[in-house]
Every structure is written in structure tokens, then in C-alpha cells.
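The sequence and the model come first.

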There are 2 protein chains.
Amino acid sequence: MPRPSQTDKKRKNLLPIVARAFAELGYRRATTAELAKRCKVRENILYRLWPNKKAMFVASIDYVYEQAANTWREMLSEKNDNADSAMRLLKHEAAHYGESGLQRIIFAGLSEADEPEIREALRKMYSRFHRFIRGQVAAHRKTIETSVRPDETVSAWGIIGLGNLSNIGRELGLLSDRGRKKMFGDAGRLLLDGQSE
Amino acid sequence: MPRPSQTDKKRKNLLPIVARAFAELGYRRATTAELAKRCKVRENILYRLWPNKKAMFVASIDYVYEQAANTWREMLSEKNDNADSAMRLLKHEAAHYGESGLQRIIFAGLSEADEPEIREALRKMYSRFHRFIRGQVAAHRKTIETSVRPDETVSAWGIIGLGNLSNIGRELGLLSDRGRKKMFGDAGRLLLDGQSE
DNA sequence: TCAAATTGTAGGTAGACACTTACGAAATAC
DNA sequence: GTATTTCGTAAGTGTCTACCTACAATTTGA
């Protein structure tokens, strides 16, 4: 009888390394040779785990969401003092969003978006982010009463836009840490519930 | 005596073609061979106009701002009915931002941002956009009186973030035309003057 | 122990790509 | 006319890169 395959386990172990390489180097510069080197295996081993480089990249895009979702889940369950979770998330992200650097994968992906698989992975990722944030916005708004404001869908996209720009600001050194935090925090709050304290 | 050099003129003529190629293909896939083909010249002619491919790309980034600025200048001078120019711009951009497709160059640039020249070109571009928008926000706010809201700097970055996300939405087919317009329009208005009509 | 499958190692290949060189043709100022 | 420079064409070069093949070593169940 055959030796049992460790493929799934190996894939799971190597994905974080692969994803980080794509984040640091972008799609083209993360050559398969470089990926293998960082994983401390030979190239053809990567090709036993994924059919080609594109698949490695798509898996990395999925990984970006998984990681963020994990962080959030953890944060929300952490201490359930009944502080509004949307506010807690907003504050946390204003301070820490993009710290991992993994979001650079998104930039890399956007310039490869004419590849259908990559495009689809990005769509899925943004949709999942949007669903999550939209839910948070809705829950938050139930706890207060105010008049008209942009609907939840619009607000959620807007907040995603702020996160994106916050990352660009970090990437290019356009905004100081304080500036970024203020931007994300103030504008995010405004989109969240119309308050502008 | 020598034949007079047409270099500057040629550069100006070819830049739009080069920029469009980068926008459509991204940095790596816009090979020098492809650029030359689209320009209907041989590769070495491009190398007489720019020292290397990176320089062609940097010029294209600058071109993105020039083009946008031209459109805006035109729009603002067009009919000076004293409608608030910030509002006019916002409406116009909500409907048309990203239509040219040139902004895809920014995505390409972001995944090459570890090259100092490219990074610097992007910084400059974003700074110029920010300065312009910040000015518009400030002018708009002089025409009304309301209470506290995010300061002009924050609002301007926020609006840039919305534009960016609007582009991503278009790129990935995440948002319908109407959805994008609503998102940019509603959230933009909120950031502009706190109104949420 | 041994057949069957999975691992790891080494090397290679075909194509793509940024950039260069060489050279003849055309245009200008004198 | 002619010296001087720009312009256009053609071909090449060294390097990099995604992906593959061949094979030996290792691990399992029976």
C-alpha cells in the first residue's frame, strides 16, 4: 500500500510563505525559483501542490481574506464587553489595517486582473469583505437613531475604499501613521453613522 | 549643420500610446516590443526617447494626472454658471471617473512601487490630486455654514479613496454603473460637506 | 520483506524580454 | 555640395523564467 499523501498539509504550511513572497515582490517578480527558495523546497514540489503559478497566486488572494477574517473574529470574541463591535473594529483597523503587508497582494492582483481566475478571486475577496462590513454597519445602526444617511451598501463600499487608500498611503509614505489613522477613523465614522466627532 | 531634432515632439506624440499600452497590459506585459509595435516604430527608437522602460512608465504616470487635470480644467471653465464647482466636479466624476481606463496605470504602478522612481512618481501624482481636491473642498465649504466635519485634508483623501474604489469596482465588475455612481456620489457628498441627501 | 506510492534532487528546455549594435538614408546649415 | 547629425531598419545577445523530465530515496500497508 502507498505512502499516505501529505499534500494538503504541505499546501497549508507553504501557503503563508508563498503569499508573503507575492506580497513583497508582486506577481512577476515572485518567480517560481524564488518561491521555492523561500519555501526551502525545489520548484517541482510547488508544482505538485498547485498546477501552475497562477493557482499559487489565487490561493494567496484567498489567504488575504482568511487572515483578515481571523483577526476580526478574534478581536470580536476577545472581550465581549458590550461596546459596539463596529466601533471597535473601526478603531482597530484605523490603527492597524495593513500592518501585515499582505494587502500588497491585492495591488499585484489588480494589475493581473485580465486573467479570469485572478479577477474572480479578487471579486470574491472584495465581496466577502463587503458582506462582512455591511453586516457590521447594519448592526451598529440598529443601536442608534438618526436620520437619513448613505445606505449600508454604500457605506460599506466607502469604508473599503478608505482601507484601500490607507494602504496606498502607507505603501507610498504619503501619510504619516497619525494622518492615516485620523483619515480612516474620521471618514470611517462619518460613513458608519453620520457622526463626525 | 545638423538636422534639427524632433525628439520632444515625438515623445509627446507617442506618450499617449505608450500610456495606453501600460494601462491595458500592466507593466510587465507591456513589453518593449509591444510598445514599439503600437507606436509603429522599432524598439530602439523608443530607447532614443527614454533611457529605459522604467522611464517610459514614469512618464505615463505623469500623463495620468495631466489628462485628469485637463478634463477638470475644461469642465470648470466650460460654463461658468455659478453652480458650485465642487458639486459639479463630484457629479461629473461620479458619472465618468475612470472611463478612460488610464487609471489602470496606477494599479500597475502600485505593484512596482519598490522601484524608487516609480514610487516617487506615484507620490507626486497622489499629492497633486490631493491638493486639487482639497482646494475644491475648501472653496465649497466657504459657500455654506455647517458645524464640525472631517477637516479638508481628511475629506480630500477620503474622496480619493472613493475614486480608487470606484475604479476597482469597474475593473472587477463588482458594482454596476448605477451602483458605482451612487457610491461615489453619496459618499462623496457626505465627505464634502456632511450632507447626505 | 516487498510492492506501490510519495518525496526530494538535479538538470534541462524553449521561449520571452530588456536593451544594444551596425549601418544606410534623409535632412539641414553653410 | 558637403559635413554633420538625426532617423529608420534589421538583427542580435545574454539573461531570466515557467514548467518539465528522469531518477533515486523514503515511507507505508500487507
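**Entry 1: a salt bridge between chains.** I looked up A:D114 and found it in a salt bridge with B:R29, the closest N and O atoms being 2.4 Å apart. For a salt bridge I required a side-chain nitrogen of Lys or Arg within 4 Å of a carboxyl oxygen of Asp or Glu. The pair joins two chains, because A:D114 lies in the loop between α6 and α7 of chain A and B:R29 in helix α1 of chain B. Helices are DSSP runs of H or I with at least four residues, strands are runs of E with at least two, and both are numbered from the N terminus. I noted A:D114 as partly exposed, at a relative accessible area of 35%, and B:R29 as partly exposed at 26%. Here buried means under 20% relative accessible area, exposed over 50% and partly exposed in between, with a 1.4 Å probe and protein chains only.

**Entry 2: basis of the values.** The model is predicted, and local features need pLDDT of at least 70, side-chain atom pairs count only at pLDDT 80 or more, while totals for chains, interfaces and linings use all residues. Residues are numbered from 1 along each chain as its sequence is written, chains are lettered from A and ligands numbered from 1 in the order in which they are written, and side-chain values use heavy atoms, with hydrogens and water left out.

**Entry 3: other salt bridges.** My search of the whole structure gave 34 salt bridges over all chains. Within chain A, the side chains of A:R28 and A:E112 meet at 2.8 Å, N to O. This pair links distant parts of the chain, 84 residues apart: A:R28 is in helix α1 (residues 7–29), and A:E112 is in the loop between α6 (104–110) and α7 (116–142). I recorded A:R28 as partly exposed at 31% relative accessibility and A:E112 as buried at 6%.

I then turned to A:D177 and A:R180, whose side chains form a salt bridge at 3.0 Å, N to O. They are separated by about one helical turn, because they stand 3 residues apart in helix α9 (residues 177–193) of chain A. A:D177 is exposed, with a relative accessible area of 58%, whereas A:R180 is buried at 6%. I also noted one network, in which salt bridges that share partners join A:R29, B:K54, B:D114, B:E115 and B:E117.

**Entry 4: the interface.** How many residues of chain B are in contact with chain A? I found 41 residues of chain B in contact with 42 residues of chain A, contact meaning heavy atoms within 4.5 Å. The area buried between the two chains is about 3900 Å², and carbon and sulfur atoms give 68% of it. Buried area is the accessible area (1.4 Å probe) that two parts lose on being put together, summed over both. In chain B, B:R29, B:W157 and B:L172 lose the most area to chain A, together 16% of what that side buries.

Between chain B and chain A I count 6 salt bridges. One joins the side chains of B:D151 and A:K182 at 3.4 Å, N to O. On the side of chain B that touches chain A, the elements giving two or more residues are α1 (7–29), α6 (104–110), α7 (116–142), α8 (152–172) and α9 (177–193) of chain B. The largest share of that side, 11 residues, comes from α8(B).

**Entry 5: the nonpolar core.** Which residues touch the most other members of the largest nonpolar core? They are A:Y126 and B:Y126, in a core of 135 residues. I took a nonpolar core as a set of buried Ala, Val, Leu, Ile, Met, Phe, Trp, Tyr and Cys residues joined through side-chain atoms within 4.5 Å. Helix α4 (residues 53–78) of chain B supplies the largest share of this core, 13 residues. With its neighbours within four places in sequence left aside, B:Y126 is in contact with residues that include A:L165, A:I168, B:I106 and B:W157.

**Entry 6: single residues.** A:E171 is found in helix α8 (residues 152–172) of chain A and is buried, with a relative accessible area of 14%. Beyond its neighbours within four places in sequence, A:E171 is in contact with A:R104, A:F107, B:A113 and B:R119.

Lastly I checked A:K40, which has a positive phi of about 60 degrees although it is not a glycine. A:K40 sits in the loop between α2 (32–39) and α3 (43–49) of chain A and is exposed at 78% relative accessible area.
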